[in-house]
Protein chains: 8
Amino acid sequence: MENFADLDFAKLDLSREERTGFPEVVFCSGKEDQFLLSIYERLYMEHQEVFGTRASQAQYELVKSRFAEANYDPVSGILKITKNEDKKLIGNIAVCTAGTADIPVAEEAAQTAEFFGSKVNRVYDVGVAGIHRLLSRVDTIREANVVIAVAGMEGALPSVIGGLVKVPVIAVPTSVGYGASFEGLSALLTMINSCANGISVVNIDNGYGAGYIATQINRLASGVVC
Amino acid sequence: MENFADLDFAKLDLSREERTGFPEVVFCSGKEDQFLLSIYERLYMEHQEVFGTRASQAQYELVKSRFAEANYDPVSGILKITKNEDKKLIGNIAVCTAGTADIPVAEEAAQTAEFFGSKVNRVYDVGVAGIHRLLSRVDTIREANVVIAVAGMEGALPSVIGGLVKVPVIAVPTSVGYGASFEGLSALLTMINSCANGISVVNIDNGYGAGYIATQINRLASGVVC
Amino acid sequence: MENFADLDFAKLDLSREERTGFPEVVFCSGKEDQFLLSIYERLYMEHQEVFGTRASQAQYELVKSRFAEANYDPVSGILKITKNEDKKLIGNIAVCTAGTADIPVAEEAAQTAEFFGSKVNRVYDVGVAGIHRLLSRVDTIREANVVIAVAGMEGALPSVIGGLVKVPVIAVPTSVGYGASFEGLSALLTMINSCANGISVVNIDNGYGAGYIATQINRLASGVVC
Amino acid sequence: MENFADLDFAKLDLSREERTGFPEVVFCSGKEDQFLLSIYERLYMEHQEVFGTRASQAQYELVKSRFAEANYDPVSGILKITKNEDKKLIGNIAVCTAGTADIPVAEEAAQTAEFFGSKVNRVYDVGVAGIHRLLSRVDTIREANVVIAVAGMEGALPSVIGGLVKVPVIAVPTSVGYGASFEGLSALLTMINSCANGISVVNIDNGYGAGYIATQINRLASGVVC
Amino acid sequence: MENFADLDFAKLDLSREERTGFPEVVFCSGKEDQFLLSIYERLYMEHQEVFGTRASQAQYELVKSRFAEANYDPVSGILKITKNEDKKLIGNIAVCTAGTADIPVAEEAAQTAEFFGSKVNRVYDVGVAGIHRLLSRVDTIREANVVIAVAGMEGALPSVIGGLVKVPVIAVPTSVGYGASFEGLSALLTMINSCANGISVVNIDNGYGAGYIATQINRLASGVVC
Amino acid sequence: MENFADLDFAKLDLSREERTGFPEVVFCSGKEDQFLLSIYERLYMEHQEVFGTRASQAQYELVKSRFAEANYDPVSGILKITKNEDKKLIGNIAVCTAGTADIPVAEEAAQTAEFFGSKVNRVYDVGVAGIHRLLSRVDTIREANVVIAVAGMEGALPSVIGGLVKVPVIAVPTSVGYGASFEGLSALLTMINSCANGISVVNIDNGYGAGYIATQINRLASGVVC
Amino acid sequence: MENFADLDFAKLDLSREERTGFPEVVFCSGKEDQFLLSIYERLYMEHQEVFGTRASQAQYELVKSRFAEANYDPVSGILKITKNEDKKLIGNIAVCTAGTADIPVAEEAAQTAEFFGSKVNRVYDVGVAGIHRLLSRVDTIREANVVIAVAGMEGALPSVIGGLVKVPVIAVPTSVGYGASFEGLSALLTMINSCANGISVVNIDNGYGAGYIATQINRLASGVVC
Amino acid sequence: MENFADLDFAKLDLSREERTGFPEVVFCSGKEDQFLLSIYERLYMEHQEVFGTRASQAQYELVKSRFAEANYDPVSGILKITKNEDKKLIGNIAVCTAGTADIPVAEEAAQTAEFFGSKVNRVYDVGVAGIHRLLSRVDTIREANVVIAVAGMEGALPSVIGGLVKVPVIAVPTSVGYGASFEGLSALLTMINSCANGISVVNIDNGYGAGYIATQINRLASGVVC
């Protein structure tokens, strides 16, 4: 196994962009240092940019020692190397959260969507227990091509938003909560059982997945072909 | 066991009213015919009225054959014998439902509260996926001393109501739904995890329990001592 | 409760179409006869068409006795009254199933999408245990604006499709299976945990929800504003 | 996200007191230092007092460095700044625990109720496995307007109390226990299934929620309008 | 498989009595008619008595048509053929239930213990929500060598009894309840987590198992060697 | 709360020995230092001996600093102070384990039983996957008045022993295992579902509880009255 | 959907035999009459024999009305049409059950293996609670190339067999049991957690799957190439 | 307990090799230092080689200090002492993984099989979300006598492989994933519910078990008798 870190075993999916319209992304959490670095190097060679999620501060420092231009956001855990140019952002995705504790997941979603070329509007801390906060932002939300609704605890936000908009709502349960929240399972069940229409659900804390799907929809709505 | 139906084994709790302020009530579901009849007879002798929940049409016919004044509501399943007099109702309890399928449980709650002497306002079919329906009824809900919020599927109604009122909200999950609603478990988890304050939860479909607690609170708020 | 069936309690959401772009739909399962009929009448008056899901043969006969033009599909359980005119269908939605037992749910999805104006391509019985069946249909699937992937048992179909297309995949777990399939829970978990991107999930057997979301996306992709 | 800590994203709910009768409270656990400090500052400016739950010793020292009058109870984890005046406490809430390990949650409940103006009687370590301990305190418990019953492991305390009193019992399952207690889930299920009347349940370890609801009821019983 | 019913496949464990001190017993539920009859015949030949549990009325009539002396108790579902002689009962087992709905399981336990030669005292309907009912019977319970405590719903009875006696308590959860009782799972968890000492638990509704163990203990306490 | 550690809140159950035949025992895990010390002091004053379970090395050193005669077994975590005299042990309890990893729980059971005056035979590492190991020890096991069977992973040991002996088997599931052992839940379910007779179950890792019950039975079998 | 039954949607996998070495098999349960008949016809045309599992008596009569040579075993639910010739059976598979109630699943396994050409030895009713029954058959079991171990309730049989043989054991949990057996889930968990080596597990009641895998192994052991 | 580490309690199963064809193996995780060393010493004396799984770096250093020839692979956690000679490897086992994060479990399987004398082909990172990666390796996989398929998250790999090969597939769920993967439970359920034939499942992360079974099958296929 001495070559483990040299990508012998990892089959970087370099044709992925052609097949799916999106380049390969790195899930940093739990990756060994040398292996992580190798992946960043190989992807950088290929695309001149790399996008990683769930990175730790230590992983940031590791990658930065090799790529000075690496950029890290401690809130979302996104560790990326981007080209030195302004990306033109298209369309409109609304990213909403129920509380402030849901923001890390929301930022993973929002920054993923932005990296993939979508314009994002953030509408944070509009949970249903203070429904006026949400209602005061409805106009902003209604401008979007697709809404990402991020919530932990009882996870009721997507249901209320789903009844207010014409576009799909991607629901993201978070592991925020305690006791019978069971690390996000309760929020996941709430969202899967939503009586509102137009709601589909991704894994607990899967901000990346939500940002990806929202971008797919946003591209379709914007007439972009990848 | 030949005397099984004659109440040898069942210890009717005739001092319960003194101890708890409420007479004994009959959970009809699953009770053998002869046993059910015996309980109605014994309680009627004691109180001149009997209140039963979860009764079937057949049980109604059985009891009616013995007590012509027996009254049955097929929606809630309540089978009762009441004194021929107008009960003075006190205070104000709001009973809300998310959908129409939740009404049987809500009626069990409402009619329980009415039997125990509470005034009830019904606010049905105001689920969060069409939030304007709820908002248009907020003033009515705010007049109550206590709110009962009944919901199945994702069970988000109590969270929204909890953020709008100053009084306790008794949340009742219902077994309404399919798939991952798991017969009401999902709604129960939603309600237990509510990020709104003032919400406590009873068992799935337990309309009776909610009506009982709401009456306790309504009595306290009305200065009634039992 | 004597007015229960007359819609006093049910608040038909007649402004829903304006708000969400879709008219109200009837979930027939479990509804009392008189209540069901009232809803069909009221919605027919409003829209001159009614779309109901999860209807039984008996409910079909009930509705047909009042609306001779009522149409019922026993496979999907859809009971609808439609205007006597050809609907122009737009865009392209692919509806795929893993097995033949998943077809009822798939048809609920497909016919929902068609009722809402979407063109649908059916790609049935292409489960991953015979991967060549799916691969031989990839070109058809890739033409869609959005894919609905319906599967029970281990529910692996969406993961494979997700890796082959550029557009969103709506995953629908079904209750098909036995033993540790736990009525669809296993398939639901598989889909929520998919390692493929672009996959979001709806409730077990929720073909209607998938057809609704797919139509939202298909409309966005087709430049249709509702 | 560099302004994350400056409350740009957190929408402090300053009208909450008017709407619900209670000021906003801080859930300290997991909050970043700078963000926590900002919230304490903003709420202090508004109300001249702040009440926080689930605070660590380190968070106490942080807040104390800014507000010398900050007060911390390591048992309950409550970190508060209060006005230098005697609060008049009204009514009567009984807070009971099954064991000594449940006291931290009970104190969260009791001190919450006291902060919100309720008089509290503590009746600790009266679990049902030594029923005489509870029976010897029944008179004290019966004087309350509402009872909070806190228990882990099998969580049977609320059922026994519920049969002894006329007022509502707020049941709080705790994560005390091991093995099949599943971090409080078993106690939660016990309480939700109670055969006693008058019992409603809050989340595992949610002493704050119980103190809040008990205060709502205690206010109603005391004729206090907020 | 045409010989399926002739005991070719079933290996009647005729040495069981010598090995364990108890003869083989028949679990009737679900057994095919011919197969059931064969087992009764073979065991009758061997022991001149047969004891069966979970029998239906129809199975009783089947067995009675062959053995006129067969005896059936519809409450417990016990279907037995006994020798025409008075059995000397030894020791003392207390069988307690929380409610009347738990009596079928309790009778399975009590009659099993009696068949195996134990004297039984029944103490029924003494659930913890009316604790005075239990306390008034404590002296009777304390006379036993072992206590069987049968309860559904929240299942708290064994915990209270465990704190009152010096002898082992066999806890039997029942499937009595609804909603979050999950067919007895909640009661099972309650009993497994009991904070009282001396409590061990058998399967949901397993009255037979409890009667068996109680007899083992009662025999030991009575100095009986089998 | 400044008096928390001084036993104001903990109601030491000093009459427990009279009521149940066993003195109070200390569950050390998680107890604050000062509080633990106070309990040891008070119980020592009362009984001149103290028995504690689930103690850490640090707690041992704490108690030893106050009671030089304190004795600690790191395998079982038992921390006790005993009278300087030889205890006469009665009867016979067999304590069996499936593997070596189950020994800590088995020792908690064995040493508990010994402290309470029972003679114990240890039969360790006789799991069913090497059935000859168990069979070679059957004679020893059959001499006992009661058997404690300790097992993790699939927890099958009690079923096999139950079929070989005439006396009760107390089954103790352990949290030994990984993956789908779910911290002992799988072993617990195995034991609760045992097809062997005479098996009752205690909580996961609850060696103390098993030792307590076994002692109750052993006393009954030995004719000891407490 | 009018062509639903004509196999338009079902893609019979006629190349399966070449690809996997086994012809397609019919899972009869839940299939519509006309659809079932069509599949039997098409497969018969192709292979001159058809093998179906989980068939009802009614389905048997349906198929028999078309194929007089259809053969049905009510114990296993296997409904097959076979060529009128003696099949040469190879190798040796031992099929064991814990109890008699497990025989239907065992027969599904055994007859599947026989249909696919394997010689089968049945060793039924050798559950671990009477371990001597199993030990007396060990020599027979040891002659097999692979063992199928079928058990419900606590499912311990595979663990004991696994420790006695040199060949793979295919464990089949059954839904036999009640209460906490959770329809076979407990047996499944037991088998997955087995401390014996050489055990792998299939779905609850999946006799067919076990017979299939056992045949694969038996063929490999017999040097048969398909 | 002072002799705990000296193997008094652990009954090393030295006849295991004769009985099962495999020597005893050490599960290192959680074993005390002295105890681990004793086992390695005793097994080394017996067999002149020792194979341990789930070892930590610290355990490696411990064993190395006693056996300089000890060899450790940090990826799989295997810590072994082998004879200084080339082992002749027989047959062909394919070990496949879905992702790179599954490699540690796959290596545990592969190296176990190699230690037991099997030839292994590694086919890593061929998950179903990029199905072409798997298809390009099908020829290699088809050469094997048995396939081990290792996958976390949704665990769909075995289903696809099962449909492509003629030989048994041992499915190994891994705890790779987050959120609703529930530490491997979701992958386990997926695999148990596979609609492909020929798939049986071992415990989560149980690479050793898979390597063991695969070797059993590989030996049978290679005509090796142990």
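Guide: Contact means heavy atoms within 4.5 Å. The model is predicted, so local features need pLDDT of at least 70, side-chain atom pairs count only at pLDDT 80 or more, and totals for chains, interfaces and linings use all residues, while side-chain values rest on heavy atoms, with hydrogens and water left out. Residues are numbered from 1 along each chain as its sequence is written, and chains are lettered from A and ligands numbered from 1 in the order in which they are written.

Visitor: How do you know through which surface the copies A and C meet?

Guide: Of the interface residues of chain C, 100% are also interface residues in chain A, so the copies meet through the same surface.

Visitor: What relation holds between chain C and chain A?

Guide: Chain C is superposed on chain A by a rotation of 180 degrees with 0.0 Å of shift along its axis (RMSD 0.0 Å). That is the relation of a two-fold axis. The superposition is by least squares on C-alpha atoms of residues with pLDDT of at least 70 in both copies.

Visitor: What relation holds between chain H and chain F?

Guide: Here the rotation is 90 degrees, again with 0.0 Å of shift along the axis and an RMSD of 0.0 Å. That is the relation of a four-fold axis. In chain H, the C-alpha nearest this axis belongs to Phe182(H), at 7.3 Å.

Visitor: Why is Arg54(E) called partly exposed?

Guide: Partly exposed lies between buried, under 20% relative accessible area, and exposed, over 50% (1.4 Å probe, protein chains only). Arg54(E) has 22% relative accessibility and therefore counts as partly exposed. Its place is in the loop between strand 2 (50-53) and helix 3 (57-66) of chain E. Beyond residues up to four places away in sequence, Arg54(E) touches, among others, Glu108(E), Asp205(E) and Tyr178(G). Arg54(E) and Glu108(E) are 54 residues apart in sequence, yet 8.6 Å apart in space, C-alpha to C-alpha.

Visitor: How does the span of helix 2 of chain C agree with 1.5 Å a residue?

Guide: The expected span is 1.5 Å times one less than the number of residues. For the 15 residues of helix 2 (residues 33-47) of chain C this gives 21 Å, and the end C-alpha atoms are 21 Å apart, which agrees. Helices (H or I, at least four residues) and strands (E, at least two) are DSSP runs, numbered from the N terminus. The buried residues of helix 2 of chain C include Phe35(C), Leu43(C) and His47(C). Just after this helix, Gln48(C) takes a positive phi of about 60 degrees.
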